[in-house]
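I set out these notes in the order in which I consulted the model. Each entry records what I looked up and what I found.

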Amino acid sequence: MKHLFTPFEKLTKNTRLLIVLFWIISVVVIWFVSSMGERHLFPSPQQVFTGFKELYNEGLVVHIGSSLLLCFKAIIIAVVISLILTYLSTIPVVKPITTAISKLRYLPLTGITFYLAIIISDARTMQVWVLVVFMSTYLTTSLLGMVAAISQEEFDHARSLKCNRWEVLWEVVVKGRIDHVIEVIRQNLAIVWMMLVTVESILVAAGGLGFLIKNSDKFMNHGRIIALQIVILGVGLFIDFVLDYLRKTFFRYSKI
Amino acid sequence: MNYTIENTLLYVEDLSVAYGPKMVIKDVNFVEKDVLREGKVTGQVIAVVGRSGRGKSTLFRALTGLVKPTSGKVLIANTATGLDNDAKEVKEGDIGFVNQKYTLFRNKTVYQALMFALRNNQETKEQKHEQIMQYLKDWGLESVKDQYPNELSGGQRQRTAIIEQIFCSGHYMVLDEPFSGLDVGNIEAVKNAFDLITASHEFNTIIYSTHDIELAVELADSIYVIGYPTIDGKLQDYGTIVKHVDMKELELAWKDFGLDHIEVVKQIKAAMMAS
């Protein structure tokens, strides 16, 4: 028993599983107990389950689909923009532009939405571009870090094999780091997913999980709010799992 | 042990490299010529030894054209013209370079990496395939041809890196500490690799660095000690060649390691300690 509390102790798979089960059961028990009285902060499991049922009947699946579609649209555009900027950042004259875009991640959401609203009239397009602008800054920051982490030896190796500078860029940075790009997307996904729900709740267009949260919030329906939080967390973790699985399956050499 | 000296293969004149205000190597001069032995194809094996931080790696980066010299020049034989002593300034890719970490493309299998190294070769795809398979067999890499670098042992990575450079570069190859961290078996494998390379063409020239002075004396026919020179009684803080041992002149090259070799080891160690 003592070894369970010893730092850096190696445990068997079964023991690790038992520890996880212990914590899950503990959380569920605490939840039940803390929501039993008349006055409680969190809704009871029964209220959350009712919230789930209501949401499902109101088209939860369609809303999840809408959020996912928005997420994929924004991710694809942002990844393309960030990758182009990152790859071009190896050219000295472009480097300051890419660095500046990376720094823009400190800009507040409100200011950007104001200017985007002047240019874009359609709410759905607006949602996409708000996300694209913000995601691009975060993705570019991470991708610049990825390029900076490539060792000089890798560039020298390509050069010693008679690669010209463009071939070095293609072989070492572009082809040689595709798996890292997937990992960067995965790591930034939590921010994107969190922002997506916020953007959907601010700019109401085609429904989505953010829209549902806003509605539930308005009517102080705690059961629905927690049910939605669980759905959002579940979908986010599922996308995270899929990306990690894709990287490990398609890039055998990838040991990040 | 009869041998003759022919065309100049490597000519380094007043080579200096500085990183910003820091002069790393200065006034490096040396010449290596083609060594001919009757009845035997003999490439050149040149060892560079010296204490850590004396500029061996910088010298190698300059020799391979990976860093531009601050001053001076590195010339290699232009074997493409067929003219005697025709020289050209070294460019990146002219001289193969295997670094200490045996870096390979992380996303290419051994076979893919070797095919890439042959990309500029005029042979057909089938001929390239046969060449690769022959090398993989000769170098004991057949069973790992479809594996990625992170699935290879240190020795396998090193052999792959050496074959890549044989395929891609001309007659010159620089190896930065090829014996570092290898076990006895892998050291023997690298020695065999040296034999394979030098026995395949007269012009083939291997330049390597090592901290194992016995190995340098055993394998090389020319040894350079790089260290800080003493000028007017004051130890300088840049690297240069402080001693050259021509094992051919001493009649110790291409011989089994013996008592005379031990004497050379002592001399080299003394030169290193003084620089």
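This is a predicted model: local features need pLDDT of at least 70, side-chain atom pairs count only at pLDDT 80 or more; totals for chains, interfaces and linings use all residues.

I took helices (H or I, at least four residues) and strands (E, at least two) as DSSP runs, numbered from the N terminus. Residues are numbered from 1 along each chain as its sequence is written, and chains are lettered from A and ligands numbered from 1 in the order in which they are written.

Entry 1, chain B overall. I noted seven helices and twelve strands in chain B. The radius of gyration, taken over C-alpha atoms, was set against the globule rule, 2.2 Å times the number of residues to the power 0.38. Chain B has a value of 19 Å, close to the 19 Å that the rule gives for 275 residues, so chain B is as compact as a globular protein of that length. The C-alpha trace of chain B spans about 60 × 45 × 40 Å along its principal axes.

I called a residue buried if 20 or more other C-beta atoms, placed from the backbone, lie within 10 Å of its own, exposed if 12 or fewer, and partly exposed in between. Of the 275 residues of chain B, 43% are buried.

Most residues other than glycine have a negative phi. I found Glu177(B) with a positive phi of about 45°; Glu177(B) lies in the loop between β7 (172–175) and α5 (184–200) of chain B. Glu177(B) is partly exposed because 19 other C-beta atoms lie within 10 Å. Phe8(A) also has a positive phi, near 65°, and belongs to the segment before α1 (13–34) of chain A. Phe8(A) counts as exposed because it has 4 C-beta neighbours inside 10 Å.

Entry 4, a sheet in chain B. I traced an open sheet of four strands in the order β2-β1-β4-β5, with antiparallel pairing; two strands pair if DSSP finds at least two bridges between them. Its edge strands are β2 (22–37) and β5 (87–89) of chain B. Five bridges join β1 (residues 3–19) to β4 (residues 71–77) of chain B, and Ser16(B) has Ser71(B) in β4(B) as its bridge partner.

I counted two residues as in contact if their C-beta atoms, placed from the backbone, lie within 7 Å. By this criterion, 14 residues of chain A touch 20 residues of chain B. Helix α7 (residues 152–160) of chain A supplies the largest share of the chain A side, six residues.
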